[in-house]
Structures are given as structure tokens and as C-alpha cells.
Amino acid sequence: MSKKPDPAGLKLRLIAAQRLHAVLGGEHFVPLSAADLPDGRDRSLANRLITTALRRHGQLDAIIAELLEKGMPAKSGTFEAILRLSLAQLVFLPDLGAHSALFLAVEAVKRDNKARHLAGLMNAVLRSAQANSARYGLLEDEYLLPPALEAKWQDAYGKDAVAAFASALIDGAPLDLTLKDNDPALLEALGAEKLIGDSVRVETRDRPVDALPFYAEGRWWVQDVSSALPARLLRAKPGGRVLDLCAAPGGKTAQLVKAGYDVTALDSDAARLERLRQNMTRLGYAPAVLEADATAFQAQIAFDGVLIDAPCSATGTFRRHPEVLWHRSAADIAGRVRLQRQIVTQALRQLAPGGSLIYCVCSLEPEEGEDMAAWIAGTFADLAPAPVIPGELTGLETAVTEQGHVRALPSMMPGGVARGMDGFFVARFQRNG
Ligand SMILES: C[S@@+](CC[C@H](N)C(=O)[O-])C[C@H]1O[C@@H](n2cnc3c(N)ncnc32)[C@H](O)[C@@H]1O
């Protein structure tokens, strides 16, 4: 007897559940690619389900706590991931229809050896969720952010800004590019909107990045507008030697090469450095590339500029990686601060007298930003703060703090354009000549 074909829509849910299961287990979220799901419509639906489940994670926690009185069953394979995807569909994506959410969730659970004994529970829980979906759909914004992080951010940035962060979490991030040249024809071909500096914003409508105009010709690279700020602020002498520490996949390296510096890009991760090399080849740029640990690397000659894009909690990237909100702990941040201090200490051994230092992180945590800048200023006697002035960031003056640091927030509108930016911190220093 021939096997009955799988119901339509099941395969994409199984693949989506695997990806979400991995993220719940601590992995970084990477959207499904054509290699994971070749059909474009299936892929777009699967990614929509996963991103909705991740952005609404806090609200789904609250719903699940109400629905599963005994909590999540232990050792139940992909049960939790399937439940979250199905609840995301039922409550927050009503245009997809409730029937498929229920039916396909039960079918998906039956396909997982570790979860199939829970098919009845899945059915019962989703029926109950369906009955309450209108009420759940009205959930307040306050469940969106982890309470401890929300309180900490309110202290640092104010209630209004944090309310805007919650909206930014739901809206997700648009695609920002940095242009290699300012040809108006390029802007038009991309249908791009100018932000600040060489940053533009494009509407991709689910097109893969490499299908956008002039990708192969290497006339732009993907880079959030906030991530493009640090390299713009380096003040090494024109054409000078610049060390780009923690450089992969090379967004800032490309900017530094474009600015005319003699760039050495260093990172400790071989796979990420390979991506950096590919990006530089596509762009026609040729920086020196080094695989090394920034806490131990010792150069033969001093550099006129050093940019440190330190590994960090990455909480500023929550629009693209909502999981960072739920994965980070205080201990985790303390560990990163220790690593950041080691990297800064070693980096300063490479900086020439009179040289410019940029320290930056894609983090919203003051410990990794403002506190680190204060530590640097208080620790290295021959280093002076070199405050950024608002005129250096036309269109984003509000990001410049009283101390002359840059604190970019997801609530800010670069160049007056809506839909925000990643959270970022930048501090600039100069070594005494
Ligand atoms: C925020 S990402 C860098 C992004 C990059 N600067 C850009 O603009 O495209 C941080 C990088 O730090 C690297 N990294 C982490 N620990 C490191 C270490 N001890 N030495 C060198 N690189 C390190 C990671 O591999 C990662 O590529």
C-alpha cells in the first residue's frame, strides 16, 4: 500500500519547529534559507511563524503558563516549539486561519518520537487557546520584554523609549545597506531611502539579499545604520594604518577601506573570517586579514587607529535576534565585560602615540557601554576621551550624549526615517602624542 502524502503545510512546520527548537535550546536565530526550504512561499511562511513566536516569546510564556497548569512536559522533543509556533499562528497571525494551526500541530507532534505521546495534550491545549484567542490577542505590551531587562532599560533610557523598543521588537528590522558610491542611479535601482552618511534603507519584499540590484557588482554591503556609526567616527591620520579588531564579517572593515585607510582586519573565528574574505572580494577591497585572538595579538608595528567592535551581549540587535532578550543573564554580561577589558588592554598596546581609538558594542547594557568607557578613561593614563560632537552625526544628533559618546537606540529615527535602528554604543579616545 502506498504511503499517504504529508498534508500540505506540514513540512514547513516541521522545519520551522526544528529551527525554533534549536533557538529555544540557546542557538542564535538565523532565518531559514533556500537550502532549508527551497519553495519561496513556504520559506516565507515558516520564517514568519518563527519570527512571530520569537518576538512574542514573553506573551507566549504568559499564555502557556495559563494553558499548561503543570508546566511544559519534560523531555518532550519539539513539543514546545510546535506549541509556540501554533499559538503564534492562532493568536497573532489570524490571517493564516485557525484550522491549519490545530490540525498541523497535532500532525507535527505525531511525527516526533519524543513528543507523539503528547498529541492529545497538544490538541486540547490549542482548542482551549482557540477559545481564548480574542482575549490573548489583546495582551498588553508589557509582556513583550523580560521584566528585569525592561526595568533596567527604563532606568537607563526612560519609559517612552522602552515602549518604543517593544514596538520595534514587533515590527522587526528593515534592511539597511552601506553604499560604496553615491550614484543616484544606484539608489533608484535599489528603491532605497537615504538615512544618514552612506546608509540607505530598502524594502526587500522577501527577496534574498543577493537578488537585489548590484549585489554581484559589489556596490553595497548589508549593515544596519547604527553599526555604520563607529567606523565613521575614527579619526586616524588620512591613509594611516588601522587595526579593525573583532572584524568579521567585515561591515566596518569595508567602511575603513572605503575611507582610504590601510586596514588590517582581525578576528578569532575562522568561519566568520571566511565570510569577511568573500565580502571583501565581492566589494573589490583588499585589507590584510588575520586570524588571531585579540586578547593576545601583538603587532610588529603600531597602528594610527584601532577600532574594537567587542564581542558583547548583542541586546541592541533584538529586532533581528529577539532570542537575545531571553538568553542573556547578569552573569553572562559580567563575563563579557571581563573579555572586553582584556581586548581593550591588549588593543592599546598596538596604538601609536596620537592614534585614535574607537570602542563600540551592539549592546544596550550600560555595563558594556558607558561603564566600559568610564573604565577605559580611568585606567589608561595616556589616553584621553575624544568626545564626538553632534555635528559629526547630522541626522542623528540626539544619539550624542553629554559625555560625547554615541548611544544609538531602537527608538531613534536616523535622518527622520521611521523604523528605527539597532541599539549601539560608541566611545572615542586619543592616545597622547
Ligand atoms: C560584533 S561581531 C563583529 C562585527 C564586525 N565588526 C562587523 O562590523 O561586521 C564580534 C566579533 O568578535 C569576534 N571575537 C570574539 N572574541 C574574539 C577574540 N577573543 N579575538 C578576536 N575576535 C573575537 C567574533 O568572532 C565576532 O566576529
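Predicted model: local features only at pLDDT ≥ 70, side-chain atom pairs only at ≥ 80, totals over all residues.
Residues are numbered from 1 along each chain as its sequence is written.

**How the terms work**

- Helices (H or I, at least four residues) and strands (E, at least two) are DSSP runs, numbered from the N terminus.
- Axes are lines fitted to C-alpha atoms, for helices over the stretch in contact. Angles run from 0 to 180 degrees between N-to-C directions.
- Two residues are in contact if their C-beta atoms, placed from the backbone, lie within 7 Å.
- Ala, Val, Leu, Ile, Met, Phe, Trp, Tyr, Cys and Pro count as nonpolar. Asp, Glu, Lys and Arg count as charged, and the others, Gly among them, as polar.

**Helix α4 and its partners**

- From α2, the residues Leu49, Thr52 and Ala53 make the contact. From α4 come Arg84, Leu85, Ala88, Gln89 and Phe92.
- By class, this α2 and α4 contact has five nonpolar, two polar and one charged residues.
- Helix α1 (residues 10-24) also packs against α4 (residues 79-92), at an angle of about 115° and with the axes 8 Å apart. That makes α1 roughly perpendicular to α4.
- On the α1 side, the contact uses Arg13, Ala16, Ala17, Leu20, His21 and Leu24. On the α4 side, it uses Glu80, Ala81, Ile82, Arg84 and Leu85.
- The residues of this α1 and α4 contact divide into seven nonpolar, one polar and three charged.

**Helices α8 and α9**

- Helix α8 (residues 147-157) packs with helix α9 (residues 159-171) at an angle of about 130°. Their axes are 7 Å apart.
- The two helices, α8 and α9, are therefore oblique to each other.
- Glu150, Trp153, Gln154 and Tyr157 of α8 meet Lys159, Ala161, Val162 and Phe165 of α9.
- That α8 and α9 contact has five nonpolar, one polar and two charged residues.

**Domains**

- The domain assignment gives domain 1 (10-139), domain 2 (147-221) and domain 3 (225-431). Such bounds come from an automatic or database domain assignment.
- The C-alpha centres of domain 1 and domain 3 lie 37 Å apart. Their contact takes seven residues from domain 1 and five residues from domain 3.
- The side of domain 1 that touches domain 3 has three nonpolar, three polar and one charged residues.

**Ligand shell**

- There are 18 residues around the ligand (a residue is near a molecule or strand if its C-beta atom, placed from the backbone, lies within 6 Å of it). Cys246, Gly251, Asp269, Ala294 and Asp309 come nearest.
- The shell divides into seven nonpolar, five polar and six charged residues.

**Backbone details**

- A cis peptide bond joins Ala248 and Pro249, with omega about 10°. Pro249 sits in the loop between β5 (241-245) and α12 (251-258).
- Phe214 is not a glycine, yet its phi is positive, near 65°. Phe214 lies in the loop between β3 (199-202) and β4 (220-222).

Technical notes
Parallel < 35°, antiparallel > 145°, perpendicular 65-115°, else oblique.
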